[in-house]
Amino acid sequence: MRELQTGLWHWEARHPDWTPSQAWRPEVSSYAIDDGEHVLLFDPLAVPSEIAELAAGREPVVVLTAPWHERDTRSLVERFRASVFAPPPDTQEDLMRKFGVTAEQAAGGSPDIRWLLAEGGGEAHLYSAGDRLPIGVEAFPGREHNDLVLWIESVGAVISGDTLVDFGHGLQINDWLRESVTRDQVAGGLRPLLARPVELVLPTHGAPTDRLALERALA
C-alpha cells in the first residue's frame, strides 16, 4: 500500500477469480479516500489493516465502478455496515443484448450484487452516468451503461473500472467493446474530463498514472 497524496491510498491484491486465459494481470488495484467524515473504498479487494482501522473510525462507503467489481464488498458490508454505491446490475434484457444468450439462459438477470439489493442485504444506492453522488463523486459514461468512470474533485482523480485499463501497454480504452459501441463513442463520452483539473488517473486494472496518460488514451 502507498499513499499517493494526503488521504488517498492505492494497493494491489491478487484477484481470486483470475485465470491465465484472462487478458488482465492477476493483481488488481483498489483505492481509498479519507475525506474526514467518510472512508471511500473503490472496488475494494483485500483491504489493508491500516485502511480497515481508519474505516472503523469513520463512515465507510464502498463505491463500485461496475457491479461485477464487487470483490470484497459483501464482507465490508457485514463487518462495517458500509453503505454501497454501485451502477445497476445487468437485467435479463441486458445480458441477452450484450452476450447473445437466450432468454432462458439470462433468466433472472446478472447475479452481481444480488445479495445487496435483496431485502436486508445492505444499504444500496444505485447510480448512473451523469449522477453526482453525495459523497463527492461524479459519474461519467463508460463502455457500458453500468461500467462507469468516476471523477473525484477533492483529490483531482479519475477512477476507472473496465473502461480505461492498463493491461501492460499503458492506459487505454478497453478493446473489449460490443459491436454497437465504438472506441470513438467511448472517448467522446469521457473527453469532458479533460476540462477538469485531473492530476491522477486511477485504473482498477493497472497502476496509478497521470493526466497525460488520460489525454493519450482519449486522443
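Modeller: Helix α3 (92–99) and strand β9 (137–144) each supply at least two residues of the lining of the largest pocket. The largest share, 3 residues, comes from α3. This is a predicted model: local features need pLDDT of at least 70 and side-chain atom pairs count only at pLDDT 80 or more, while totals for chains, interfaces and linings use all residues. Numbering starts from 1 along each chain as its sequence is written, and side-chain values use heavy atoms, without hydrogens and water.

A pocket here is an open set of points on a 1 Å grid over the protein atoms alone where a 1.4 Å probe fits, with protein on both sides within 12 Å along at least five of seven lines; lining residues have an atom within 4 Å of a point. Helices (H or I, at least four residues) and strands (E, at least two) are DSSP runs, numbered from the N terminus.

The largest pocket has a volume of about 600 Å³, taken as the space filled by probe spheres set on the points, which are joined across faces, edges and corners. It is lined by 23 residues, and W24, W68, H69, R143 and D162 are the closest to its centre. By type, the lining has 8 nonpolar (Ala, Val, Leu, Ile, Met, Phe, Trp, Tyr, Cys, Pro), 7 polar (the others, Gly among them) and 8 charged residues (Asp, Glu, Lys, Arg).
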